[in-house]
Amino acid sequence: MATLSKLYTMQEASQHNSKDDCWIVIDNKVYDVSSYLDEHPGGDDVVLAATGKDATDEFEDAGHSNDARELLKSFCIGELDTSSPTIPELEISSKSQSSNYAQKLENLTKQYWVVPVAVVGISVVTGFWYLRKK
């Protein structure tokens, strides 16, 4: 098999996750299996569930035959770019941002303390009124 020149990120491959446009990643290779979904013996749902992640374990666990492995090669469109992170990096908020959120939360709790106090007050009054009638 010739060396594949096209590299895809996992994020890029995961965007192709519909019945009309389905890519899967197995053993760091990217496969466009859109045209094979209707013919897949296990149904298209099994393949669609494997998009957006490395499906190597699922492929191996299914016990595919050598013929299936050969057929899979015909759908190969490139390789997975393993130098890019598979999980997007999270933005870490600064302490000033988190203290700003804490301040907003504190202000909200100060603003709405009346509601729980009113509920408790009404409950106490209702309880005394009920006991007095007995």
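Biologist: Which residue of β4 stands opposite Trp23?
Modeller: In this predicted model, Trp23 faces Asp32 of β4. Further along, Val25 stands opposite Val30, and Ile26 has Lys29 as its bridge partner.

Biologist: What makes β3 and β4 a pair of strands?
Modeller: Two strands pair if at least two bridges are found between them. Strand β3 (residues 21-26) and strand β4 (residues 29-32) are joined by 4 bridges in the antiparallel sense, so they meet that condition. Their hairpin has 2 residues between the strands, and Asp27 takes a positive phi near 50° there.

Biologist: Which strand pairs with β4 over 3 bridges?
Modeller: That strand is β5 (residues 76-80), which runs antiparallel to β4. Tyr31 stands opposite Cys76 of β5.

Biologist: Why are β1 and β2 placed at the edges of the sheet?
Modeller: The open sheet has 5 strands in the order β1-β5-β4-β3-β2, with mixed pairing. β1 (7-8) and β2 (17-18) each have a single partner strand, so one side of each is left without a neighbour in the sheet.

Biologist: What makes β3 a mostly covered strand?
Modeller: A residue is buried when its relative accessible area is under 20%. Of the 6 residues in β3, 5 are buried.

Biologist: What is known of the largest pocket and its lining?
Modeller: The largest pocket holds about 420 Å³ of space. It is lined by 19 residues, of which Ile24, His40, Val47, Phe59 and His64 are the closest to its centre. At least two lining residues come from each of β3, α2 (44-48), α3 (56-61) and α4 (66-73). The largest share, 3 residues, is supplied by α4. By class, the lining has 16 nonpolar, 2 polar and 1 charged residues.

Biologist: Why is the contact between Lys19 and Asp44 called a salt bridge?
Modeller: The side-chain nitrogen must lie within 4 Å of a carboxyl oxygen. For Lys19 and Asp44 the N to O value is 2.5 Å, so the contact qualifies. The pair links distant parts of the chain, with Lys19 in the loop between β2 and β3 and Asp44 in helix α2, 25 residues apart.

Biologist: Which residues are linked with Lys19 in a network of salt bridges?
Modeller: Asp38 and Asp44 are linked with Lys19 in that network. Between Lys19 and Asp38 the closest N and O atoms are 3.0 Å apart.

Biologist: What separates Lys73 and Glu70 along helix α4?
Modeller: Lys73 and Glu70 are 3 residues apart in helix α4, which means a separation of about one helical turn. Their salt bridge has its closest N and O atoms 3.1 Å apart. Both residues are partly exposed, Lys73 with 43% and Glu70 with 48% relative accessible area. In total, the structure holds 5 salt bridges.

Methods
Residues are numbered from 1 along each chain as its sequence is written. This is a predicted model: local features need pLDDT of at least 70, side-chain atom pairs count only at pLDDT 80 or more; totals for chains, interfaces and linings use all residues. Side-chain values use heavy atoms; hydrogens and water are left out. On a 1 Å grid over the protein atoms alone, a cavity is a set of points where a 1.4 Å probe fits but cannot get out, and a pocket is an open set with protein on both sides within 12 Å along at least five of seven lines; lining residues have an atom within 4 Å of a point. Grid points are joined across faces, edges and corners, and a volume is the space filled by probe spheres set on the points. Ala, Val, Leu, Ile, Met, Phe, Trp, Tyr, Cys and Pro count as nonpolar, Asp, Glu, Lys and Arg as charged, and the others, Gly among them, as polar. Buried means under 20% relative accessible area, exposed over 50%, partly exposed in between (1.4 Å probe, protein chains only).
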